[in-house]
Amino acid sequence: MTLPIGNDAAHAAFAAAMASGSLHHAWLFAGPEGIGKASFARAAALRLLADGAGAVLPPGFDVPEDNAQRKLVAAGSHPDYRELTRQPKEGDKTGLDLARSIPIAQVRALGSMFATRPSMSERRVVIIDAVDDLERPGASNALLKNLEEPPQGTIFLLISHAPGRLLPTIRSRCRQLRFDPLSEDAMTSVLRERLPTADAAEIAALIRIANGSPGRALGFAGLDLAALDSALTAIAQSGDPDNRRRVKLAKSLALKAAQPRYEAFLERAPAFIAAAAPTLHGERLRTALDGYDAARMLAATARALTLDAQATVYEMAGIVARLAR
């Protein structure tokens, strides 16, 4: 399994812990969403299982495709591996409409595995992606009991996008490994590999909106963000005195089919204003800073209250237009 690009220091720290022979039983992989924490956890889990089964492997995380542990994990049938995630809601046939949390029942279901020794070696691995999604207080408390009294041979790999929101007692029982947003060069490498047909303008626009998160960037792929940036730039430069640009943009993003682009716009507009601020001075800088705060609040309110898309885009574009003053 190929390791995700970036965060080499975190990868090396975990590799050193594995090689030490005294691996802590619970790890908290912490950092922004979409930067490769879960992908690394799966690669690490596979290597832990392969090592535990006695496979002779080179240093690092590589596990050959013909390895029995890898085949079982790929098939979803490894008896010593579990992955807890939010599940599709009942009746959802697409698998995309997920439950809001990981319920206590999923955590308790680990009990059948913990009731016996590991089947294929002295080791088993549990990934929770993300531990932030555990239902409170039940599921969090059920996990805490396992962390306080770790089942023999079990390694917990917990993914967290916001570790500060976790129960302090969960954090205190884990060794935390920090993952950071990727550099622009690393982001470019990931996106060119994953989006071979995307042009330079689209790659650049995705990098601007993603804040170092490849997962975030890929979620916005194919939405022609370069065109959104062009529209915002035109509004910011001209001030859009007759409102024509704002009206056109608002109408285009209000269509039902444009919902993904509308979501991207809510992400991009505040960041666009923030990026412009360092080039401004005096009253114009103050206008940009105030506009950034207003844009962030508007974006958050629009999501929370499901505000009318056309009116929201028009108002947001009006905030961007103030940059021309």
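The exercises below work through a sheet and some helices of a predicted model.

Residues are numbered from 1 along each chain as its sequence is written. Because the model is predicted, local features need pLDDT of at least 70 and side-chain atom pairs count only at pLDDT 80 or more, while totals for chains, interfaces and linings use all residues.

**Exercise 1.** Find the strand order of the open sheet, and say which strands stand at the edges.

*Solution.* Start with the order: the 5 strands run 2-3-4-1-5, with parallel pairing. Strands (E, at least two residues) and helices (H or I, at least four) are DSSP runs, numbered from the N terminus. Two strands pair if DSSP finds at least two bridges between them. Next, the edges: strand 2 (81-84) and strand 5 (175-178) each have a single partner strand, so one side of each lacks a neighbour in the sheet.

**Exercise 2.** Take strand 3 and strand 4, and state how many bridges join them.

*Solution.* Strand 3 (residues 124-129) and strand 4 (residues 154-160) pair in the parallel sense over 6 bridges. For one of the partners, look at Val126: Phe156 in strand 4 is its bridge partner.

**Exercise 3.** Decide which residues of helix 8 are buried and which are exposed.

*Solution.* Buried means under 20% relative accessible area, exposed over 50%, partly exposed in between (1.4 Å probe, protein chains only). In helix 8 (residues 184-194), Ala186, Met187, Val190 and Leu191 are buried. They cover an arc of only 125° around the axis (directions from the helix axis to the C-beta atoms), which puts them on the same side of helix 8. On the other side, Glu184, Asp185 and Glu193 are exposed.

Methods. Side-chain values use heavy atoms; hydrogens and water are left out.
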